[in-house]
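This briefing accompanies the structure shown below. Please keep the structure in view while reading the points that follow.

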Amino acid sequence: MGNGSEPACAAQQPPLAHQILGSLDFTGIFLFAILTLMTLTANLVFVEEVFYIYRKIPSSTRTIFIWINAAAPVIATTSCIGMWIPRSTMFTDSTASVFFAIVIHKFLLMMIKECGGQKLFLRRFENDHFKISTGPCCCCCLCLPYIHITRRTLFLLKLGTFQLAFLRPVLMFLSVVLWTNGNYSLSDLTPKGAVIWINCFIGVLTIIALWPIGIMFQHVRVLLNCKNIIPKFALYQFVLILSQLQAAIISILAIRGIIPCAPPLNSSARGAYMNQQLLIMEMFLITLFSRVVYRKRYDDLELPECTDQEARSTNQNTRVTLNCKIMTDGTQKV
């Protein structure tokens with residue numbers, strides 16, 4: 001265990017790749033090998049799932065399902081790269097955040113698609129209202145009015161998630177530009193630093209983007225229960241909490257010195273190192289669970305309303321067929 005007298009503990013930059021690899025003992029080498037194998041397995045499972053999606057799922061929802069299923073393998077891959085190359089952590093974490101920002105928007109589109117698309121959604125719920133007193137923004141504001149479901153309100157919900165998918169890459173580009181000029185340092189959380197302002201702005205944008213997801217899920221979870229919407233939403237929430245909240249908590253603990261340095265890693269680098277290892281294991285498990293949840297013949301699954309209509313039509317056709325047979329038999333007897 002290192003202390004403040006070690007040169008590595010006072011270093012501003014994480015170690016180079018050959019330094020971290022040279023400091024590994026047998027246990028560390030074994031851990032690196034297992035985590036790398038988990039990452040490769042997660043990607044192979046995802047590739048197999050892509051082939052399944054292309055064979056079994058209609059083209060209208062195919063791309064959306066691939067984006068959502070790719071969240072866990074992509075985060076595992078970026079975490080594995082950051083584990084092997086510690087100085088790439090800022091870029092790998094930003095890449096994973098940008099990808100997941102797009103996944104948030106895709107998840108909202110998936111719920112609409114699962115209801116039959118925007119036109120059918122509006123026709124089915126034309127007399128209903130959205131409950132907007134949901135998390136993460138307004139779960140305690142029960143006095144908020146219900147909003148009538150129209151094309152405009154649906155557009156505002158999609159805009160709420162799209163703004164994060166659009167602005168997150170812009171803020172990532174800005175962070176890289178400031179980093180090259182020495183104005184962006186992950187360890188500088190003072191009001192004069194750019195990190196705290198950019199991260200606070202991203203936090204506000206993320207909360208705004210999660211609000212439409214909560215509103216839509218509360219409205220369609222009963223209708224889409226036959227399409228596993230609750231397990232899908234749970235997996236999406238797990239990826240969100242583990243990739244965003246867990247990383248923020250570990251980063252704060254490292255900056256406060258609660259996570260001590262361990263040469264050649266300083267406190268911040270060791271916190272990122274621990275988070276990357278945890279994420280690889282967590283995203284590996286989520287990838288396996290996603291394969292089970294999304295592995296359905298969605299062309300065979302119908303909404304309850306559609307199933308009722310088909311049942312009524314079948315009964316009507318059966319009665320008509322029986323009547324025709326009776327009439328035919330009577331005619332033949334005569």
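Predicted model: local features only at pLDDT ≥ 70, side-chain atom pairs only at ≥ 80, totals over all residues.

**The surface**

**Overall architecture**

- The protein contains 12 helices and two strands.
- Read from the N terminus, the order of elements is α-α-α-α-α-α-α-β-β-α-α-α-α-α.
- The protein has 334 residues, and 42% of them count as buried.
- Among contacts between residues at least 6 apart in sequence, 76% join residues at least 24 apart.

**The nonpolar cores**

- The largest nonpolar core comprises 63 residues.
- Within this core, the residues that touch the most other members are Phe107, Met110, Met111, Phe121, Met216 and Met283.
- Another core, of 10 residues, lies apart from the largest one; its members include Phe32, Cys80, Met83 and Tyr273.
- When residues up to four places away in sequence are not counted, Met111 touches Ile213, Met216, Phe217, Val220, Leu224 and Ile229.

- Lys227 is located in the loop that links helix 9 (194-220) and helix 10 (229-255).
- Lys227 counts as buried because its relative accessible area, 9%, is under the 20% limit.
- From this position, the side chain of Lys227 reaches the backbone oxygen of Glu114 at 3.3 Å.
- Thr92 is part of helix 6, which spans residues 89-114.
- Thr92 has a relative accessibility of 8% and therefore also counts as buried, the limit being under 20%.
- Leaving aside residues up to four places away in sequence, Thr92 touches Thr78, Ile81 and Gly82.

**Points for review**

- Where does Lys227 lie? Lys227 lies in the loop between helix 9 and helix 10.
- Is Thr92 buried or exposed? Thr92 is buried, with a relative accessibility of 8%.
- How many residues make up the largest nonpolar core? The largest nonpolar core has 63 residues.

Technical notes. Residues numbered from 1 in each chain as written. Heavy atoms only, no water. Helix = DSSP H or I, 4+ residues; strand = E, 2+ residues; numbered from the N terminus. Buried < 20%, exposed > 50% of the residue type's maximum accessible area, 1.4 Å probe, protein only. Polar contact = N/O pair within 3.5 Å; in protein donor to acceptor, adjacent residues only side chain to side chain. Core = buried A, V, L, I, M, F, W, Y, C linked by side-chain atoms within 4.5 Å. Contact = heavy atoms within 4.5 Å.
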